[in-house]
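Me: Here is the structure I want to go through. Let's take the charged pairs and then a helix.

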Amino acid sequence: MRAFSADSHPGHRRSHNEDCYRANPELGLWLVADGVGGHSNGEVAAAIVRDTLDRDVARGSSLIEAIHHSHSSILQEIAGRAGSNMGSTVVALQLNGDDYEIAWVGDSRAYLFDGSSLKQVTRDHNPVSEMLARGAITPEQAANHPERNVLSQSLGVADSITVAPDRIRGTLNAGEQVLLCSDGLSDELADEDISRLMAEADDPQAQVAKLIEAALAAGGRDNITVIVVGEKAQPGQAPLARRQGDTLSHEQAVSVDNGSGHDKMVLALLGAMVLLALLWMLW
């Protein structure tokens with residue numbers, strides 16, 4: 001069975017924990033859900049996401065299908081609660097042997113760690129992350145941007161939100177680990193600190209404990225949830241070279257109930273055409 005560890009802490013400034021997680025190694029499923037801060041009943045929304053994904057994946061649904069279902073389930077709960085606008089993020093890992101799929105909505109993150117270096121493989125669904133990807137701001141500016149916690153999409157909240165989960169697929173090689181976390185970890189610790197702490201600890205349990213302890217020491221201003229899946233690389237062990245088909249790439253998941261993926265592709269093509277026309281006129 002795949003080695004893993006998971007834990008959650010409310011932090012220093014919250015009286016309750018709106019984060020939750022699921023670790024189901026028999027199903028090959030691990031996930032972190034973060035109740036959207038500032039919205040009523042965030043912990044209820046996160047629990048709906050957790051339970052819906054666990055149940056749907058066990059029944060054979062894909063991660064993308066289960067995430068869409070969790071969104072509609074939260075909206076149904078909102079309809080029965082006057083004044084509620086609860087919401088949640090999610091980042092979920094599904095393993096089938098050594099092959100993995102990671103799907104997410106919001107700013108809960110997934111990283112790959114090979115024993116010495118850390119790579120973020122998800123991209124936050126927020127305007128600041130999008131500006132960073134375009135090169136409009138630097139990583140330092142993004143880390144301190146006042147709107148870094150504003151989400152461009154989340155699960156629940158309102159039926160006007162279009163949910164378009166992202167996903168990546170790859171192969172987890174010997175000595176590689178997957179780290180899933182809520183923003184209570186990534187907002188307190190830089191990637192360099194996370195990598196150093198992962199390298200210093202001997203196993204997933206120690207890694208999770210060190211990360212949460214460090215996030216608390218850095219301020220612990222939010223709930224903190226951490227999952228580490230996989231055996232840590234031993235000293236001198238180099239991860240196997242990735243096969244050609246295992247290159248990490250972002251893939252816009254096909255929406256179950258809307259054509260948002262197609263719409264975004266059309267908009268991108270139109271934008272490219274306009275840019276070419278402007279360049280031609282300037283030339």
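Reply: A salt bridge here is a side-chain nitrogen of Lys or Arg within 4 Å of a carboxyl oxygen of Asp or Glu. This is a predicted model: local features need pLDDT of at least 70, side-chain atom pairs count only at pLDDT 80 or more, and totals for chains, interfaces and linings use all residues. Residues are numbered from 1 along each chain as its sequence is written, and side-chain values use heavy atoms, with hydrogens and water left out.

Me: Which residues are linked with R22 in a network of salt bridges?

Reply: D54 and R22 form a salt bridge at 3.5 Å, N to O. D51 pairs with R50, with the closest N and O atoms 2.9 Å apart. The network joins R22 with R50, D51 and D54.

Me: Is D54 buried or exposed?

Reply: Buried means under 20% relative accessible area, exposed over 50%, and partly exposed in between (1.4 Å probe, protein chains only). R22, at 25%, counts as partly exposed. D54 has 16% relative accessibility, so D54 is buried.

Me: Which residue forms a salt bridge with K210?

Reply: K210 is partly exposed, with a relative accessible area of 31%. The closest N and O atoms of the pair are 4.0 Å apart, and the partner is E200.

Me: What does helix α7 reach from its first C-alpha to its last?

Reply: Helices are DSSP runs (H or I, at least four residues), numbered from the N terminus. The expected span is 1.5 Å times one less than the number of residues. Helix α7 covers residues 204-217, 14 residues, and the expected value is 20 Å. Its reach is close to that, at 20 Å.

Terms used: Helices (H or I, at least four residues) and strands (E, at least two) are DSSP runs, numbered from the N terminus.
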